[in-house]
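I opened a notebook for this one and jotted down what I looked up, in the order I got to it.

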Amino acid sequence: MRLECTADNGDTISVVRSFDLGTVAAPTTGWASKTSAPFVGYVLDDVRDIYGSGGKAFPMADLSSGTFGNMITVERSGLTWRERDTSADVWIPRGMGDANGNGRLEILGHVVGKAVLFEAATPGGDPFATVIYADTLARNNGAGMADVNGDGREDVLMLSDSGCVVMTWRNNRFERLGIAVNPTPPAPGNATNRVDEISVAVGDLDGDGKTEVAFSDTDGDLVISEYNGTSFTTEYTHLAEGVGGSGYVVGADVDGDGRQEIVHGVPDDPNAGADREYGRQAWTYRMFRATAANTYEVAWTDHFTGVRYGIGYRNGWGAGDLDGQQGDEVAICVFPRLYVFSWKNGGMQPIWYKDDVVTPRFLTADFDNNGTAELGYGVTVPELGYMSGFAFSEYAVDASRLATPQGLRGAVVDNNTIVLSWMPVPDAAQYRVFRATADDGLFRVIDTVDVTTITIDTLQTTEAYRFRVSALPSSTSTLRESDRSSIVDIGIHPRIRPLRIEPDTLTSEQI
């Protein structure tokens with residue numbers, strides 16, 4: 001890297017620094033490019049047979065002009081993509097459902113401070129045919145559709161500066177179910193909280209049989225509120241240090257326990273300071289999960305630097321089952337980069353990295369009907385900045401990695417020696433052995449073997465150790481190293497010798 005500085009008097013100084021960079025932490029292989037699509041849009045990741053034709057369709061806001069355009073439905077039938085219906089005005093899709101239970105599809109649209117609910121006139125007809133609900137004066141932003149009150153129909157969720165407003169269909173009309181208030185303090189210099197990009201997550205997050213709603217605001221605070229059947233009660237808040245956090249909330253069953261976790265992303269201040277300098281453009285993403293009723297923990301935190309912040313459709317998120325295994329994957333666009341994360345061996349691990357991606361929302365659906373969902377995302381060309389196309393990629397389940405070693409176990413031989421063993425992995429040439437101690441908890445490679453057992457005789461008495469193994473391919477294989485196995489914990493201590501052994505007598509009734 002060459003650094004050059006110029007002083008006010010014109011003097012310059014130039015310095016060259018060399019850096020030895022290792023491989024990227026997130027793999028860039030293991031995914032197959034599937035197809036590209038002839039549309040550019042802000043998509044809603046809810047793919048269904050909208051028209052009853054057997055095709056797979058979704059709504060999107062048209063971005064072909066470089067800014068938000070009208071809402072369009074796009075359908076994939078066989079190998080063909082086609083645009084079906086278009087709204088009369090500019091709207092961003094935020095949800096789909098059947099709030100009034102009449103069997104006709106509804107699409108919730110949003111622009112700044114407004115919400116509108118479109119409905120098809122007939123089942124399978126134009127979903128923008130009629131408007132059955134609109135809120136254009138109260139500064140409520142259409143945010144999503146979900147069944148909050150448990151009546152079997154989707155409710156309409158809208159974000160305002162005060163919190164999350166929920167409208168439900170009853171008494172043959174839309175009525176207010178309640179509001180999940182945002183109790184967090186506003187950003188410095190603001191009298192009230194505000195919302196920017198719009199998203200919510202809804203579900204029984206803590207497993208207590210009641211529905212929670214999760215949302216954020218512009219200074220990055222997270223609010224989780226529970227509906228108790230009559231009103232909303234705040235059960236958890238997380239105060240963030242950044243700003244511009246609203247819109248970066250997604251609910252997904254990441255760890256595969258049957259309940260949604262909340263993934264929340266918060267960028268630094270995107271505004272120029274007094275010296276006309278910008279923040280370091282570092283974003284923080286966290287995953288929150290319930291540990292008990294009304295109790296949550298931060299289960300994962302990661303930081304992304306070098307993010308280019310700007311127009312609202314550059315950065316975003318998505319989630320879905322992309323690898324066919326238990327748990328959902330999380331896709332994050334920190335423009336101009338894409339990362340896909342998966343929960344493996346008790347932690348979040350990156351499973352793919354791609355550059356030149358610009359997308360506020362992703363598509364996760366099995367468009368080609370091969371049993372594996374594709375990931376759809378907006379793409380750009382270097383230094384362009386706006387979305388120039390839409391591409392699809394698929395996790396190569398069978399072609400990317402060796403299988404993960406199973407059955408790892410350890411047996412203590414003496415005060416300094418153990419024997420580890422595990423089941424063989426097809427096509428594995430060697431196995432890499434990792435060890436961690438209580439000193440820093442980091443797993444480090446201690447040996448590589450070509451058999452499924454290893455004797456380790458350098459352990460210290462009273463020390464706690466943790467072990468994992470991974471499978472390695474041969475030098476000519478196209479496969480990659482496997483994921484690391486489950487962890488085995490082993491503690492060694494001096495042999496315990498009994499002081500004395502006394503006989504005991506049991507009656508036949510005690511036996």
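This is a predicted model: local features need pLDDT of at least 70, side-chain atom pairs count only at pLDDT 80 or more; totals for chains, interfaces and linings use all residues.

**Entry: a loop with a positive phi**

I started at asparagine 172, which sits in the loop between β14 and β15 (173-181). Its phi is near 65°, a positive value in a residue other than glycine. Is asparagine 172 buried or exposed? I get 64% relative accessibility for asparagine 172, and the cut-off for exposed is over 50%, so asparagine 172 counts as exposed.

I then looked up aspartate 356, in the loop between β27 (347-355) and β28 (363-365). Here too phi is positive in a residue that is not glycine, near 60°. Aspartate 356 has a relative accessible area of 23%, so I put it down as partly exposed.

**Entry: the whole chain**

Next I stepped back to the protein chain. How many helices and strands does the secondary structure come to? I count zero helices and 37 strands. The chain has 511 residues, and 49% of them count as buried. It exposes about 24600 Å², with carbon and sulfur atoms supplying 47% of that.

I also checked how far along the sequence the contacts reach. Taking contacts between residues at least 6 apart in sequence, 50% join residues at least 24 apart.

**Entry: cysteines**

I searched the whole structure for disulfides and found zero. Cysteine 164 is at 0% relative accessibility, so it counts as buried. Cysteine 333 is also at 0% and therefore buried.

**Entry: glycine 163**

Glycine 163 lies in strand β14 (residues 163-170). With a relative accessible area of 1%, it is buried. What does glycine 163 touch, leaving aside its neighbours within four places in sequence? My list reads Met158, Ile179, Ala180, Val181, Asn182 and Phe215. I also noted threonine 184, which is 21 residues from glycine 163 along the chain, with 10.0 Å between their C-alpha atoms.

**Entry: tyrosine 133**

Tyrosine 133 is in strand β11 (residues 130-135). Its relative accessibility is 13%, and the cut-off for buried is under 20%, so I file tyrosine 133 as buried. Beyond its neighbours within four places in sequence, tyrosine 133 is in contact with Ala115, Val116, Leu117, Met158, Met167 and Phe174. Met158 had already come up in my list for glycine 163. For one of these contacts I have a spacing as well: tyrosine 133 and valine 116 are 17 residues apart in sequence and 5.8 Å apart from C-alpha to C-alpha.

**Entry: two prolines**

Proline 186 is in the loop between β15 and β16. A relative accessible area of 29% makes it partly exposed. Leaving out neighbours within four places in sequence, I find proline 186 in contact with Ala191, Thr192, Asn193 and Asp219. Glycine 220 is 34 residues from proline 186 in sequence, and their C-alpha atoms are 9.8 Å apart.

Proline 336 got a note for its peptide bond. The bond joining phenylalanine 335 and proline 336 is cis, with omega about 10°. I place proline 336 in the loop between β25 (329-334) and β26 (337-344).

**Entry: threonine 458**

Threonine 458 is in the loop between β35 (453-456) and β36 (464-472). Which residues does threonine 458 contact, leaving aside its neighbours within four places in sequence? I wrote down Asn416 and Arg435. Asparagine 416 is 42 residues from threonine 458 along the chain, yet 5.8 Å separates their C-alpha atoms.

**Entry: the largest pocket**

I finished with the largest pocket, which holds about 770 Å³ of space. Which residues lie nearest its centre? Out of 35 lining residues, I noted Leu44, Asp45, Arg94, Val200 and Trp317. By class, the lining has 20 nonpolar, eight polar and seven charged residues.

At least two residues each come from β4 (41-43), β8 (92-97), β12 (141-146), β16 (201-203), β20 (249-252) and β24 (316-320).

Note on methods. Residues are numbered from 1 along each chain as its sequence is written. Side-chain values use heavy atoms; hydrogens and water are left out. On a 1 Å grid over the protein atoms alone, a cavity is a set of points where a 1.4 Å probe fits but cannot get out, and a pocket is an open set with protein on both sides within 12 Å along at least five of seven lines; lining residues have an atom within 4 Å of a point. Grid points are joined across faces, edges and corners, and a volume is the space filled by probe spheres set on the points. Helices (H or I, at least four residues) and strands (E, at least two) are DSSP runs, numbered from the N terminus. Ala, Val, Leu, Ile, Met, Phe, Trp, Tyr, Cys and Pro count as nonpolar, Asp, Glu, Lys and Arg as charged, and the others, Gly among them, as polar. Buried means under 20% relative accessible area, exposed over 50%, partly exposed in between (1.4 Å probe, protein chains only). Contact means heavy atoms within 4.5 Å. Accessible areas come from the Shrake-Rupley method with a 1.4 Å probe; for residues, only the protein chains shown count as cover. A disulfide is a pair of cysteine sulfur atoms within 2.5 Å.
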